[in-house]
Each structure stands twice: as structure tokens, then as C-alpha cells.
Amino acid sequence: MFINILFYILSGAGITLSVIAIALPVGLVLGVLLSLVRVYGGKLFSGLAAVYSTIMRGIPHVVLLFILFFVLAGTINLSPLLAGAVSLAIISSGYQLEIFRGAIQSIGGGQMMAARALGMTKLKAIRYIILPQALRVAIPSWSNEVASIIKDSSLVYALGVPEILRRAQFMSASTYQPFIAYGIAAVLYFIMTFLAGRLLDKLETKTKIPCLQLEK
Amino acid sequence: MTKPIIEVKNLKKVYGGREILKNIALTVNEGDTVVIIGPSGTGKSTFLRCLNLLTYPDSGEIWLDGKLINAPGVNQDEVRQHYGMVFQDFLLFNHLTALGNVMIGLTKVKGLNQETAKEKAMKELRHVGMQDHIDQYPGQLSGGQKQRVAIARALAMDPRVILFDEPTSALDPELIGEVLGVMKKLALEGMTMVCVTHEMGFAREVADRIVFMEGGVVVEEGNPNEMFYHPKVQRTKEFLWKITELYASSEKK
Amino acid sequence: MIEFVNFFIKYFPDLYQGALITIRITAVGLGLGFVLGLPAALLRVYGGKYFRWLAVAYVELFRGTPVLVQLFVIYFGLPDLGVTFSRLTAAYIALGLNSGAYQAEYFRGAIQAIGSGQMMAARSLGMNRLRAIRYIILPQALRLVIPSWTNEPISLMKASSVAFLIAVPDLMTKGKLVAARTYDPIASYICVAIIYIVMVFIMTGFVQFVEKKVRVPGFEMEELRV
């Protein structure tokens with residue numbers, strides 16, 4: 001009985017992982033690009049990015065998820081899974097914008113100045129000097145955000161996507177064992193966030209810049 | 001007949017409502033070592049950064065090798081390749097080794113291939129005496145070592161002029177010597193240099209010309225002998241000798 | 001645009017009721033979280049092996065699982081074991097437990113930033129650990145933690161929205177009802193979003209005001225992002 005419940009819920013893990021596999025990279029790319037706009041864009045674009053970040057971070061994720069889902073599903077006709085994943089990516093990009101902005105600013109304006117003194121264009125300087133450092137410095141904070149995305153994936157439950165939580169609910173209803181069902185779901189999520197955290201710790205150690213001194 | 005590499009006329013720069021540079025004129029000839037001195041906060045660094053257009057002047061003319069570089073439409077990035085700059089805070093790229101720091105301008109700006117870039121980089125690192133530290137990261141180097149790598153980085157680009165912005169001000173006293181030594185060597189080899197510094201000993205020994213700047217204008221300029229022993233302006237005399245007193249102790253070392 | 005404004009005005013009274021519940025849930029959750037989080041942090045830093053392990057387990061568990069799942073376990077799962085809660089109570093408990101875990105990390109950061117030196121100095125005066133914590137460590141830690149802790153009420157208010165999935169009559173639930181009535185989900189949820197963001201704005205303003213008032217120059221900690 002327990003095994004049945006376990007396997008049924010586990011089959012939802014694939015869906016959960018696909019949602020995360022879409023939301024994470026899309027959110028990352030969006031977040032980094034927006035952070036560059038925020039730091040290096042002119043007053044107008046930087047301001048727009050700031051507004052974007054405020055909105056994404058000031059509204060509950062469920063609310064944003066619903067709004068984005070209805071907009072996306074209505075206009076482009078995406079499946080709930082895709083729409084949900086993309087919505088999560090958009091929400092996360094608001095937070096990632098801030099994470100990378102902080103990282104870029106902690107690297108400091110001096111690095112940009114030195115790069116330009118060599119004759120690099122701003123773009124080259126960003127690509128070869130600023131980003132390599134900022135991305136490494138951002139790993140600890142980004143690791144928190146990854147955990148957030150993994151946990152937020154449970155929200156797509158509300159969109160009917162047959163991921164872990166949805167399956168747990170089905171099990172709970174059909175077997176009258178809600179505690180076991182939801183307990184298993186909780187454990188699965190915990191394992192995912194735990195593993196992600198470990199992986200990112202490893203990444204941080206591997207890519208660490210020796211004796212890095214940062215501007216405050 | 002030495003030809004001027006840099007000619008500056010009527011340079012003005014305003015920052016936050018204040019006129020930092022009021023009306024600067026300067027000529028730097030090929031092979032010259034020009035040392036700019038003066039009280040802190042009087043625009044010396046700003047002037048230096050105007051030369052390589054890191055800071056854009058509000059009015060005036062800057063001529064490099066006969067070309068007006070602060071004209072509209074000039075490719076500023078390209079201009080900066082002709083200058084080398086060494087900063088007070090070193091500003092080495094933290095994520096690259098010493099070798100990497102010197103190579104990156106060659107590979108990513110000048111577009112050289114890895115081998116050629118590495119050869120040139122090694123040559124310059126040897127030039128400054130840092131050949132044994134090529135695989136170390138900036139965080140692992142002392143201040144003097146960092147600054148020497150910074151000089152190598154600037155040299156690797158084969159600049160027409162190297163700009164030094166208080167290169168020893170952030171160094172522990174014992175480490176100043178190694179950096180000044182490299183700078184002296186470059187000057188003797190005929191490198192054109194413009195240095196902002198407080199190191200009077202260096203100025204006296206190595207400079208072809210000393211420029212005293214205060215309040216955004218050039219108060220006086222001349223060769224070291226004139227400036228130190230026969231200054232025309234009272235203020236020059238005051239400043240030079242007060243500073244010399246303070247730094248006399250580090251000279252004795 | 002004008003249609004939207006009319007829409008907003010028409011349904012605002014309903015939504016407003018929900019907003020009040022949201023505020024209530026946030027406040028209770030925050031308080032509960034404080035009561036759980038501070039001791040957890042203290043146990044983590046000063047406790048013996050078993051207490052420390054307990055605190056770590058609590059924090060890792062509630063930070064490592066989604067709040068929605070926690071809510072479901074408490075509201076749907078516990079009755080299985082004989083413990084039943086009303087919707088609202090379940091929301092209070094789940095959010096309180098969740099918030100407590102995050103607050104514990106904020107407090108831990110502040111306590112550790114104070115440094116072992118302070119404890120050492122206190123004990124050298126003859127204080128036992130408890131007194132030292134009460135009179136020396138906590139007064140400093142609670143001041144130090146304010147800038148980072150103030151992220152929590154805002155975080156919690158946003159998290160509280162998941163309670164709509166167990167039909168707690170909060171702002172999100174009301175939003176869903178309006179959406180069902182009007183067949184216009186986008187407009188409905190945008191109204192909900194606007195109200196949330198206004199509440200967040202007000203809270204942020206209040207929080208910044210408090211931070212300014214309480215700040216001691218020179219006594220600051222690098223802001224923890226938990």
C-alpha cells in the first residue's frame with residue numbers, strides 16, 4: 001500500500017523536474033540579462049528593470065502565476081505545464097535580477113574602468129571581466145533562489161499539472177491516507193532541495209576565485 | 001626634433017557643479033617622463049582620465065599623435081588601446097591569473113591568437129620581474145607584485161603613452177621601491193610616461209618635466225632642477241619642499 | 001482602462017474583506033514564527049548536541065519543503081493521525097512553523113555576528129549562560145537583526161496566499177470567487193495583485209521607518225538574505 005502510494009507520487013517527480021528544468025534556465029538567462037540592463041542600461045531602461053523587479057517581488061507568486069498563466073494560455077495556447085514553467089521563470093527572473101545586480105555591483109566599478117582602459121568595449125568588458133566574476137560571486141544567493149524555484153514548482157498544482165503534489169492529493173483522496181501521501185510529497189521536495197544545495201556548494205568550491213576581495 | 005605625442009589645449013571639466021579642470025594646457029613629447037604633482041583632490045586624476053577619454057572633457061582639445069581624440073565620432077575604445085593605464089588600486093582582474101591578466105587585452109581586444117599573446121605576455125612579465133608568479137591570482141599577490149603585473153598588462157598593449165595614477169599610494173612603504181624601480185627602468189628605456197605621484201624622489205631623479213597642478217590649473221611647470229631649486233611661483237616652492245620633507249624619510253630607505 | 005477601474009471599484013469591497021484576513025494570517029504567522037524562531041536560533045547556537053540537532057532539523061525541514069505542502073500535511077494529513085484543525089487555524093500553524101524556520105536563520109545570523117567575545121565577557125563577570133543571553137546577547141542581536149528580519153513580514157504575506165488552496169477566505173480566495181463570477185480571471189487577479197502590492201508597499205515603508213529610528217551608527221551587520 002505504502003509502496004503503491006510512493007510509486008504513484010514518484011511518477012509525478014518527472015513532471016516536477018521538467019517544470020524546474022524549464023523554469024530554472026529561462027529564469028537565469030532572463031535574470032542575468034535584466035540585471036545587466038539594470039546596472040548598465042541608461043536611466044530609462046534601468047528604471048524599467050527596477051519596476052519589473054519590484055512588481056515580481058512584491059506580488060505573491062501564486063497570484064503572478066495565475067495572471068501569467070491566463071495571459072500565456074489565452075494568447076499563445078500553451079499547455080498548463082509549459083505555461084506554468086514559463087510563468088515561474090518570469091517570476092524568478094525578478095529575484096535573479098536583484099541577485100546578479102548585487103553581485104555585479106560588489107565586483108565594483110574599478111574592474112569596468114580597468115577593462116575599458118585596455119580598450120575593451122563595454123560589451124566585451126561585461127562578457128570577459130564582469131560576468132565571469134559576478135556569476136561566481138552570486139552562487140550562494142543563487143542557490144537560495146534555486147531552492148525557491150523547486151519549492152514554487154508545487155504551486156503549479158493549482159493549474160492542474162500532474163506533478164508531485166497533485167499526485168499526492170489524488171492518492172490521499174483514493175487511499176484515505178493523506179498523512180502518508182503528503183508526507184511522501186514533502187520528503188521528495190526535501191530531497192530535491194537538499195541535492196540542489198549540495199550540487200551548488202560543489203560548484204561554488206570548484207569555481208572559486210582565490211582570495212577574492214570585494215568592494216562593499 | 002622630438003615630436004609631441006600628446007597636446008592638450010584649454011581643457012575644461014565640470015563635475016557636480018564644480019569646475020575641476022579650469023584651463024589645462026600640456027605638451028608631452030616622445031620619450032618624456034612627465035610627473036604631475038599637487039595637493040589631493042585638485043583634479044590630477046581627473047586630468048589623467050581625460051587623456052584616455054575614460055572621463056570625457058567638457059571642452060578643449062586633446063591631440064594624440066596629431067589626431068584630435070575628443071572629437072565627436074571618434075572611436076574611444078580604439079583610442080584607449082594606444083594608452084596604458086596603471087591605477088592606484090591596481091584593478092587587476094580577480095578571476096584571471098597574472099598571466100591571464102596580461103594576455104586578455106591581447107586576445108580579446110587586439111585579437112591575437114593564444115600562442116602569440118602568451119609569448120608577448122611572458123615577455124612583459126619578465127620585463128617587470130614577475131615571471132615566477134604567472135599562475136597566481138591577484139588575491140595571492142602582494143601589493144607591489146600586483147602593481148607590477150598591472151604595469152605588464154599595460155605594456156603588453158604596446159601603448160604610445162603609459163598613464164600612472166598614483167601607482168604607489170596604496171602600497172606599504174617597503175613595497176614602493178619595487179614599483180618605482182620598474183617605472184624608472186621604463187623611463188630609461190624611453191617609454192613616454194605621464195605620472196601623477198607624491199614620490200618626490202622619483203620626480204627629481206627620473207622626470208623630464210614636472211607639472212604642478214592646483215585648483216584645476218597648471219601653477220607652474222619645468223624640469224626638476226628648475227622646479228626644485230629655482231621655482232618661479234612661491235606656491236610651488238612651498239608645496240615641493242613641504243612634500244619633500246615628508247617623503248625624505250622614505251627616500252633614505 | 002476605464003473599464004478596469006470600474007471593475008476594480010465594483011469588486012474592491014469583496015476583495016477588501018479578503019485582504020483583512022490576509023493581514024490577520026500574516027500577523028499571527030509572524031508572531032508564531034517569532035516565538036518558534038528565536039528559541040530555535042538560540043538552541044542552534046548555544047544548545048547541547050541534541051537540542052542543536054533538533055533546531056537544525058526543524059529549520060532544514062521547513063525551509064526545504066514548499067509551504068503549500070506543509071499546509072496540506074497539517075490540514076489534510078494530521079486529521080489522519082487524529083489532530084484536526086479548522087482552515088484558519090491550519091493556516092496559522094503552517095505559516096507560523098514556516099516563518100519560524102526562516103526567522104530562526106535571521107536570528108542565528110545576528111547572534112553569530114555578535115560574536116563569542118560578548119558571551120565570553122559576560123561570563124567573565126560571573127553570569128551564567130541564560131543571564132548572558134538575556135541581558136547581553138539578545139538585546140544586541142535583536143537590534144542587529146532588524147534590517148534583515150524586516151524581509152520576513154513581506155515574505156510571509158506573500159506566502160500566505162497559498163492558503164486559498166484550502167479555501168481560507170483570504171484575498172486570493174476572494175479573487176478566485178470574483179474571477180468565477182465575472183469570467184474575467186485576468187482582471188480579477190490583477191486587482192488582487194494590485195492590492196497585494198499596495199500592502200507590500202505600505203509594509204515596506206513602515207519597515208524602513210522603523211529601521212531608521214532604531215539604527216545605531218556603526219552597529220550594523222551585512223544584510224542576510226535568507
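## Fold of chain C

Taken along the principal axes, the C-alpha atoms of chain C fill a box of roughly 70 × 50 × 20 Å.

Of its 226 residues, 49% count as buried, a class that stands for under 20% relative accessible area, with exposed meaning over 50% and partly exposed lying in between (1.4 Å probe, protein chains only). The accessible surface of chain C comes to about 11,400 Å², and 65% of that belongs to carbon and sulfur atoms; such areas come from the Shrake-Rupley method with a 1.4 Å probe, and for residues only the protein chains shown count as cover. Among the contacts within chain C (heavy atoms within 4.5 Å) that join residues at least 6 apart in sequence, 78% link residues at least 24 apart.

## Basis of the values

Residues are numbered from 1 along each chain as its sequence is written, and chains are lettered from A and ligands numbered from 1 in the order in which they are written. Because the model is predicted, local features need pLDDT of at least 70 and side-chain atom pairs count only at pLDDT 80 or more, while totals for chains, interfaces and linings use all residues, and side-chain values use heavy atoms, with hydrogens and water left out.

## Chain A against chain C

Of the two pairs of chains that touch, chains A and C have the most contacts, with 33 residues of chain A meeting 35 residues of chain C. Together they bury about 2,900 Å², 78% of it on carbon and sulfur atoms, buried area being the accessible area (1.4 Å probe) that two parts lose on being put together, summed over both. A:Lys151, A:Phe179 and A:Tyr182 supply 21% of the area that chain A buries against chain C, more than any other three residues.

On the side of chain A that touches chain C, helices H2 (43-58), H3 (61-75), H6 (122-152) and H8 (178-207) each supply at least two residues, and H8(A) gives the most, with nine.

## Chain B against chain A

Here the contact takes 24 residues from chain B and 22 residues from chain A, and the two chains bury about 2,100 Å² between them, 66% of it on carbon and sulfur atoms. B:Asn94, B:His95 and B:Lys108 supply 28% of the area that chain B buries against chain A, more than any other three residues.

The count between chain B and chain A is one salt bridge, formed by A:Arg116 with B:Asp77, whose closest N and O atoms are 3.2 Å apart. Across the interface of chain B and chain A there are also six residue pairs in polar contact, both residues at pLDDT 80 or more.

## Chains B and C

Chain B and chain C do not touch, and their nearest C-alpha atoms are 22 Å apart.

Key: A salt bridge is a side-chain nitrogen of Lys or Arg within 4 Å of a carboxyl oxygen of Asp or Glu. A polar contact is a pair of N or O atoms within 3.5 Å; within protein, one must be able to donate a hydrogen and the other to accept it, and residues adjacent in sequence count only if both atoms are side-chain atoms. Helices (H or I, at least four residues) and strands (E, at least two) are DSSP runs, numbered from the N terminus.
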